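Please look over the sequence and the 3D structure before reading on. The report below goes through a few of the features that can be found in the atoms.

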Amino acid sequence: MDSQLPSGTTARGRHLSRGGSLGTRFRLFWFGQAVSQFGDYLSYLALPLFVVSISDRSISLAIIYSLDTIPTILFGLFGGVLLDRLRLRRFMIFGDIGRTAAFLALARIAWLVEHGDRLGLVAIFVLAFAVGMFSAGFINAMFTIIPFLVKKSKLTVANSRVAATQNIAFALGPVAAGLLIDSVGFWVTFVINAATFLVSAACLVLIGPVDREAPPEQRLSALREALHGLRFVWREMRLRVSTVAAALANFVVGFLESTYVLLAADIGAVSGTDVGLIFAAFGIGAILGALTAPLAVRLLGLGRCLVVGLGVFAVAMLVFANSTFCYVTLLLPLVAHIGLQWVNVPLATIRQAFTPQVILGRVMTATRAIGWALLPLGAVVGATLADTTGYTIVVRVAPIILVLVAAALVPTVLWRDTFKPPEQEPQESPA
């Protein structure tokens with residue numbers, strides 16, 4: 001029944017969990033993430049445009065993108081041990097406070113630049129890295145805490161809800177950022193972004209304590225516990241294949257995502273409104289993809305949904321990169337991001353559903369770190385090639401690589417038998 005509570009729910013949590021299949025605690029948690037995600041996507045457009053206003057080189061955009069993503073890799077090994085040892089909710093509140101401070105500092109820099117000060121990019125790069133570090137810990141904790149808030153059978157639905165609001169923010173945030181930049185300048189968007197993290201922290205406070213299964217009585221060293229998580233990823237075939245596939249795909253996606261502004265110009269978008277419409281199409285498609293992902297998983301299975309989604313994203317982006325901007329072509333980024341969410345939602349669910357809760361933090365951070373490892377590398381390599389051989393050539397070749405990755409996944413376990421999460425916990429010793 002939907003009213004069944006996760007193991008370890010507190011008395012306060014038992015009261016809050018009444019009120020729907022996902023429970024009031026998850027809904028409050030979800031609301032806080034929705035608000036902070038909107039702030040994230042204000043800066044998603046504002047920060048690269050701010051960098052472009054100071055330096056218009058592709059490599060500057062790639063560096064900003066890399067400094068925001070590299071921390072996920074750095075957090076990947078020992079960060080998971082922290083998540084399995086610490087109180088997840090407190091850890092996330094600390095991350096929200098840290099990101100608030102970083103974005104207030106960015107707002108101060110933007111204000112000084114707008115008032116005539118000549119500041120270099122170094123301070124912006126440092127703050128982008130700090131935001132990335134806090135975000136890496138927070139996002140890994142977010143995906144780790146969800147299985148403690150909802151039943152295992154509801155994981156795909158919960159992940160799709162989080163993805164849907166994230167992509168609503170992706171659709172609306174850049175448009176709002178463009179309006180704010182044109183009317184009051186860059187610094188306002190960063191101030192608003194900082195405020196959204198305070199809302200997220202408040203919601204985390206209000207959901208009350210989140211209990212997990214009792215940890216093993218005898219702790220190992222941090223290194224041995226981290227290596228244990230990596231060994232589990234290697235032994236569980238679904239985790240191994242999906243993690244390697246995500247890393248290969250992200251090598252290409254890193255370049256595409258870090259240069260979306262340049263891609264818009266390459267296909268003929270000539271105004272800020274045109275660029276905003278393209279980003280809005282990405283966001284609308286991602287919303288539709290997140291909302292339809294549970295249905296796609298039911299029809300195709302977790303693994304097949306992931307493979308099909310990657311193929312859809314690759315083909316749509318290939319056609320888009322070879323098109324000329326007009327309102328009809330906006331359907332292509334929309335379809336592409338439907339496919340991308342059909343990858344992301346089952347990928348998160350596979351990690352949560354096929355991992356014992358006692359090592360979920362380690363497995364989540366390790367798989368995300370490996371999957372993200374090639375994002376910044378792809379961004380820098382792709383941007384360097386684009387600066388030397390021509391952006392158009394690189395951006396049109398990149399999606400072809402994704403088509404090949406999707407085809408290579410068809411003979412694997414992801415296509416054959418990753419259908420639905422098991423109802424019982426996987427059995428795994430803690431040491």
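This is a predicted model: local features need pLDDT of at least 70, side-chain atom pairs count only at pLDDT 80 or more; totals for chains, interfaces and linings use all residues.

## The largest pocket

Rolling a probe the size of a water molecule over the atoms shows where empty space is left. The largest pocket found here has a volume of about 490 Å³. It is lined by 25 residues, and L49, S271, G272, T273 and V275 are the closest to its centre.

Four helices each supply at least two lining residues: α2 (24-54), α7 (155-183), α11 (260-266) and α12 (272-300). Helix α7 gives the most, with six residues. Sorted by class, the lining has 17 nonpolar, five polar and three charged residues.

## Salt bridges

Side chains of opposite charge can pair when their charged atoms come close. A search of the whole structure finds two salt bridges. One joins the side chains of D96 and R99, with 3.0 Å from N to O. Both residues lie in helix α5 (residues 88-114), three residues apart, which is about one turn of the helix. D96 and R99 are both buried.

A salt bridge also joins R238 and E236, with 2.9 Å from N to O. E236 has a relative accessibility of 16%, so this residue counts as buried.

## Aromatic pairs

The structure holds 12 aromatic pairs. In one of them, the ring centres of F50 and F190 are 6.2 Å apart and the planes stand at 70 degrees, so the pair is edge-to-face. This pair links distant parts of the chain, since F50 is in helix α2 and F190 is in helix α8 (residues 186-206), 140 residues apart. F50 is buried at 1% relative accessibility, and F190 is buried at 0%.

F279 and F282 also form an edge-to-face pair, with 6.3 Å between centres and 90 degrees between planes. These two residues are three apart in helix α12, so about one helical turn separates them. F279 is buried, with a relative accessible area of 3%, and F282 is buried as well, with 1%. Ring pairs also link F50, F103, F186, F190 and F197 into a cluster.

## Charges over rings

## A contact between separate stretches

Which helix holds I63? I63 is in helix α3 (residues 58-75). With 29% relative accessibility, I63 counts as partly exposed. The C-alpha atoms of I63 and F125 are separated by 7.7 Å, although the two residues are 62 residues apart along the chain.

Note on methods. Residues are numbered from 1 along each chain as its sequence is written. Side-chain values use heavy atoms; hydrogens and water are left out. On a 1 Å grid over the protein atoms alone, a cavity is a set of points where a 1.4 Å probe fits but cannot get out, and a pocket is an open set with protein on both sides within 12 Å along at least five of seven lines; lining residues have an atom within 4 Å of a point. Grid points are joined across faces, edges and corners, and a volume is the space filled by probe spheres set on the points. Ala, Val, Leu, Ile, Met, Phe, Trp, Tyr, Cys and Pro count as nonpolar, Asp, Glu, Lys and Arg as charged, and the others, Gly among them, as polar. A salt bridge is a side-chain nitrogen of Lys or Arg within 4 Å of a carboxyl oxygen of Asp or Glu. Buried means under 20% relative accessible area, exposed over 50%, partly exposed in between (1.4 Å probe, protein chains only). Rings of Phe, Tyr and Trp (its six-membered ring) pair if their centres lie within 6.5 Å; planes under 30 degrees apart count as stacked, over 60 as edge-to-face and the rest as tilted.
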